[in-house]
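Hi everyone, thanks for having me.

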Amino acid sequence: MSLHHIVVTVNGEKREAEVDSRLLLVHFLRETLGLTGTHIGCDTSNCGACAVIMDGKAVKSCTILAVQADGKELLTVEGLAKNGKLHPVQEGFLKKHGLQCGFCTPGMLMTSYWLLQKNPNPTEAEIQRGISGNLCRCTGYVKIVEAIQYASQKMRESNAQVQTK
Amino acid sequence: MSDNLRRLVEGRGQFVDDLHLPNMLHLKLVRSPYARARVAKVKGGINGSEVKFDLVSVGEGASDETQTVAYPVLASDYVNYAGQPVAAVFAEDLYKATDKIEEVEVEYEPLKPVVDPEEALRSEPIHPGTKSNIISSVQLGKDFRVPNAYVELEEEFANERIITDPLEPRGLVAHFDGSRLTVWASTQSVHSWKEGICDCMGLSADKVRVIQLDTGGAFGSKSSLYPEYVVACYLSMKTRRPVKWIETRSEHLLVTHQGRGTRAKMRIFADRTGVVYGLKGDLLVDAGAYPVGMGAFAPGWIGFQVTGPYTFSHALVNAKSVYTNKVPLGPYRGAGRPEAAFFIERMMDLLADELGMDPVEVRLKNVSGEPFVSPLGLRTEPFKPFLESAARELDYQNRARKGAVGFSCFVLIPAIQPGESARVAIAKGKVKVWMGGCAHGQGHDILAKVLVSEELGVPEACIEVEKGDTDQLSEGVGTWGSRTTIVGGGALVQACRKIKDEAKKALGDYSSDALLDHEFDAEVFFSRREPLNSFGANLVSASAGEFGVIRIDECMAYYDAGRVLNPAMVESQIIGGSAQAIGQVLYEEAKYDEDGQLLAATMAEAGMPKAQHMPRFTIKLATNTSSPNQPRGVGESPTMGVPPAAVRAIEKLTRRKLTETPIRPEDISSKKLAK
Amino acid sequence: MIPPRFDYVAPRELAEAVDFLEKHGDYAKILAGGHSLIPLLRFRFASPKYLVDINGISDLEYMRESDGHLHIGPLTRYVDVESSKLIQSKYAALSDAAGHIADPLVRNMGTVGGNVCHSDPANDLPAVMLALGASIIAVGRAGERVIPAEEFFVDTFQTALKPTELLKEILVPIPPARTGNAYLKLERGAGDFPVVGVAAQVRLDEQGSCEAVGLGLTAAAPKVLKPKRAETFLEGKRLSEKEIQEAASLAAQDAQPVSDIRGPAEYKREMVQVLAFRALQQALERARGGA
């Protein structure tokens with residue numbers, strides 16, 4: 001009962017492993033799967049550096065057991081870009097200088113990604129609230145909010161284009 | 001677009017915890033639950049009976065002065081702060097290593113800790129064999145007499161201790177392969193770490209190599225030598241296996257050097273027209289349990305800055321630092337400059353109130369259009385033109401009329417001594433650059449590319465800025481104190497010019513293409529004799545919301561950073577620094593109870609600000625006509641200017657005199673304020 | 001940072017979970033959202049032998065009205081409570097509270113059942129349960145029993161649930177017309193646990209006088225607190241600012257706050273009064289038909 005076989009889809013790929021009951025999802029991603037883009041910034045579920053998408057929702061992977069991810073679909077920062085093309089949130093963070101040291105960035109990106117899925121045209125206040133589970137020490141958040149606004153606009157424009165085709 | 005930043009948004013960062021080496025061990029520390037105790041017995045683990053090194057003071061704010069008190073890497077007789085390491089355990093697996101902590105048995109005999117720095121002055125020494133708890137005591141300036149009919153104002157101020165809290169905790173991987181020790185580090189300075197490891201462990205320089213990996217912020221916490229680094233190196237030397245140690249956030253809160261922690265009693269003397277005559281200051285620095293970090297250096301350093309940019313003709317400062325049973329005090333963004341600025345700026349506001357004058361008007365009466373040397377030795381370039389511009393650019397008059405605003409101004413002394421090194425090497429059509437200071441978010445790669453491309457005429461695309469590596473750069477200082485663009489940049493430029501000289505001798509007239517076709521390698525250590533100032537001013541407004549909760553509404557900055565190589569980067573730095581300043585004023589405190597137990601158990605409790613706490617920012621960069629090509633440093637400017645301006649704004653809003661950071665809600669709460 | 005060892009089971013049926021608890025309840029902890037439990041495990045403040053993950057049991061996430069009650073399934077996530085139009089319209093205290101727990105990512109996982117069973121005085125939902133007069137259905141091998149909220153919260157981290165029982169459902173009486181409720185909390189800056197919080201429900205009679213009041217206080221005592229004197233004071237009266245002020249004062253007097261990193265006890269008591277006043281005002285406005 002202490003070792004469990006799990007099957008998890010990560011960034012579109014099926015991954016299987018035997019994991020200890022107590023293995024945290026963030027360690028499963030980083031250590032077992034070698035996906036070190038997701039970061040660990042705290043041990044009290046405050047900082048959000050570990051944020052990933054699980055079955056469509058942004059969650060803190062440090063507060064979830066790997067066994068809980070059995071049968072689920074995960075998206076990590078490594079899965080955002082498609083065929084070498086950056087996702088609009090990634091582009092936004094680069095264009096608007098939404099990062100300095102880059103440590104909080106993967107978590108911020110995943111939360112932004114989820115936020116824009118839920119709310120494609122968020123106000124500044126909605127963005128601030130949306131990232132209230134993600135801490136940053138370097139940027140003071142202003143450029144992160146601008147990055148998300150940039151991505152929001154880009155995504156709405158390209159959706160509008162798709163619709164007019 | 002920076003390749004570095006692109007790599008980071010793709011999730012391809014390589015931080016220390018991302019490094020995996022074959023056969024690697026995970027290290028965990030067993031720590032004292034008591035703030036002060038005699039260690040009666042340690043059973044198990046690697047402990048002080050085996051590891052007998054004492055820590056040395058290196059990095060920012062380090063001081064050779066006082067090694068009178070030994071700071072053992074693993075405590076064996078006494079522990080003097082909660083969290084002090086007593087033993088180490090390890091395993092191949094992080095989870096098993098964590099389990100092993102419980103296998104170590106330590107018997108403590110608790111002693112009464114000294115927590116309050118004023119109490120430390122009076123109480124018996126916490127370290128056996130010392131005469132008192134005073135680490136350093138400095139007197140600056142001279143006593144003076146004050147003419148009659150002068151106004152005298154006395155006030156006490158405090159900046160309570162703050163937890164640094166970069167998003168990436170500290171960590172390293174150490175690997176001794178039998179002949180050399182290689183350390184991969186999250187650091188501000190590979191050379192400080194190397195110096196510290198060599199000195200502490202008695203290793204010769206050729207035996208140690210320190211390499212910087214991506215570093216997730218530091219803010220002062222990652223240049224000193226800490227016990228865990230030495231234990232990791234020791235364990236690797238013992239086992240010949242790579243050893244990884246990564247700090248948990250809980251450990252960071254508890255045992256990474258904290259910042260600020262300074263109190264001041266200031267007495268100002270001025271005539272009734274607002275012209276200041278003299279200043280007397282008594283400073284007390286809460287240095288924590290051991291003299292590493294900044295504790296020994298801080299008193300003199302803060303003390304000499306407490307006259308700010310003002311033309312005091314007389315000053316006397318007595319500054320002390322004391323041992324307390326807390327984690328040692330270290331540099332934290334600003335590292336003494338914000339404390340000095342807070343004390344003098346608050347004092348000038350209160351003097352203005354006392355005289356019934358406008359605070360900017362009083363300041364303008366006390367700055368000069370000429371260079372000025374204070375009675376404490378602080379050299380200021382002409383400040384008056386800057387202050388006049390600042391008041392204008394920040395629209396002070398109008399804003400002061402309309403609401404509760406605070407204004408501040410300051411002279412930032414960048415830490416340019418002793419200088420910095422850089423190496424530029426051209427080979428195979430590429431230009432590789434190494435800088436002595438290790439970036440941790442400041443975008444050195446961007447800075448280096450601009451300067452090198454300017455000097456050598458080569459395209460930025462062929463320039464590669466390498467991470468710090470003591471094998472690739474023979475000496476270096478570090479990234480802190482708003483210094484890198486000035487001295488790091490200076491070194492880069494000199495290294496490029498050295499190459500140009502060599503190229504001229506070798507090739508005669510040459511094109512930049514020709515440069516790339518040949519090989520050159522130049523390393524330079526650049527120092528600047530004359531001190532340099534960076535001036536700044538802030539205007540901050542605040543309001544009270546639901547339940548009397550204060551928020552900062554607007555934060556305006558007018559900074560003279562000299563030559564700005566990358567405006568987007570500088571703006572980002574200013575916003576980030578301002579966020580930390582707002583944290584200091586409203587949310588952050590490393591609060592201890594009377595047993596020396598840290599009450600902040602999480603980042604949230606330590607007070608990290610969030611996006612919704614941020615004000616509207618307006619940032620204006622002054623053009624410095626006196627030396628337009630000289631960068632002046634700006635990284636720490638917000639931590640100097642924003643706290644006193646914010647506190648003043650809140651003071652006006654609440655009509656209460658406010659002399660401390662943080663401003664705690666209960667200190668200003670009033671049912672009238674809560675709408 | 002790293003949890004201690006434990007065994008993990010994930011029953012697919014409620015009956016399976018109940019059977020397991022019957023055998024191993026004393027050494028087991030239920031894993032629902034995990035955002036109270038897993039942090040406890042990471043600090044080794046709890047070392048259960050078994051974790052019983054109930055997330056695989058179907059039909060435990062719901063909010064539906066029937067038989068005069070709102071029925072809430074234990075696995076209902078905070079995010080769904082926050083955004084539910086049904087909850088926002090009649091049980092606004094619940095959506096107010098759920099929408100301000102921690103942060104959006106935590107709200108994606110955390111559950112109503114978990115929040116209630118944890119009985120952390122700093123958790124927000126127990127106060128709402130008290131104010132709304134909720135009951136908890138506990139299920140064990142012997143069957144189900146209904147526990148009124150007032151009896152459910154026994155002490156810090158202690159509820160009336162036996163180790164062999166599971167929270168099956170929460171029942172909230174459907175508020176009659178002219179009822180309004182609200183939840184307010186004071187945070188000390190950073191998405192941290194609250195300084196204090198107040199839940200209030202006000203029911204008016206046909207003449208507009210106060211018929212019943214329910215109150216609950218968060219982070220103001222070793223467990224969630226029901227300030228009865230304030231409730232009794234308001235019943236039967238026509239409510240103006242004066243009465244509400246007095247009730248708020250009574251609620252503050254009943255509070256038993258402690259000094260800690262979130263502030264001194266006296267400050268917390270003062271803020272209970274401020275929040276109680278505002279929460280009652282808001283509940284009253286909602287009862288009268290306003291927002």
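How many bridges join strand 8 of chain B to strand 13 of chain B, and do those strands run parallel or antiparallel? They run antiparallel, and nine bridges hold the pairing. Before I go on, keep in mind that this is a predicted model.

Okay, so strand 8 covers residues 151–159, and strand 13 covers residues 262–270. If you want one pair to look for, take F157(B): its bridge partner in strand 13 is A264(B).

Strand 13 of chain B also pairs with strand 14 of chain B, residues 276–288, again antiparallel and over nine bridges. Here the pair to find is I268(B), which stands opposite L279(B) in strand 14. Strands 13 and 14 of chain B make a hairpin with five residues between them. In that turn, G274(B) has a positive phi of about 100°. And is strand 13 of chain B covered or open? Mostly covered: seven of its nine residues are buried.

Why do we call R260(B) buried? Because 28 other C-beta atoms lie within 10 Å of its own, and 20 or more is what buried takes. Among the residues R260(B) touches are N159(B), E160(B), R161(B), Y332(B) and E339(B). Also, R260(B) and A158(B) are 102 residues apart along the chain, yet their C-alpha atoms are separated by 9.0 Å.

Next, the nonpolar core. The largest one has 377 residues, and A646(B) and A199(C) have the most contacts inside it. Its largest share, 11 residues, comes from helix 12 of chain C, residues 265–287. Back in chain B, A646(B) is in contact with residues including G406(B), V540(B), I552(B) and V585(B), leaving aside its neighbours within four places in sequence.

Last stop, chain C. Its domain assignment gives domain 1 (7–52), domain 2 (63–173) and domain 3 (179–287). The centres of domains 2 and 3 of chain C, taken over C-alpha atoms, are 19 Å apart. Between those two domains, 24 residues of domain 2 are in contact with 24 residues of domain 3. On the domain 2 side, helix 8 of chain C gives the largest share, five residues. That side has 15 nonpolar, four polar and five charged residues.

That's my tour, so over to you for questions!

Terms used. Residues are numbered from 1 along each chain as its sequence is written. Chains are lettered from A and ligands numbered from 1 in the order in which they are written. This is a predicted model: local features need pLDDT of at least 70, side-chain atom pairs count only at pLDDT 80 or more; totals for chains, interfaces and linings use all residues. A residue is buried if 20 or more other C-beta atoms lie within 10 Å of its own, exposed if 12 or fewer, and partly exposed in between; C-beta atoms are placed from the backbone. Helices (H or I, at least four residues) and strands (E, at least two) are DSSP runs, numbered from the N terminus. Two strands pair if DSSP finds at least two bridges between them. A nonpolar core is a set of buried Ala, Val, Leu, Ile, Met, Phe, Trp, Tyr and Cys residues joined through C-beta atoms within 7 Å. Two residues are in contact if their C-beta atoms, placed from the backbone, lie within 7 Å. Domain bounds come from an automatic or database domain assignment. Ala, Val, Leu, Ile, Met, Phe, Trp, Tyr, Cys and Pro count as nonpolar, Asp, Glu, Lys and Arg as charged, and the others, Gly among them, as polar.
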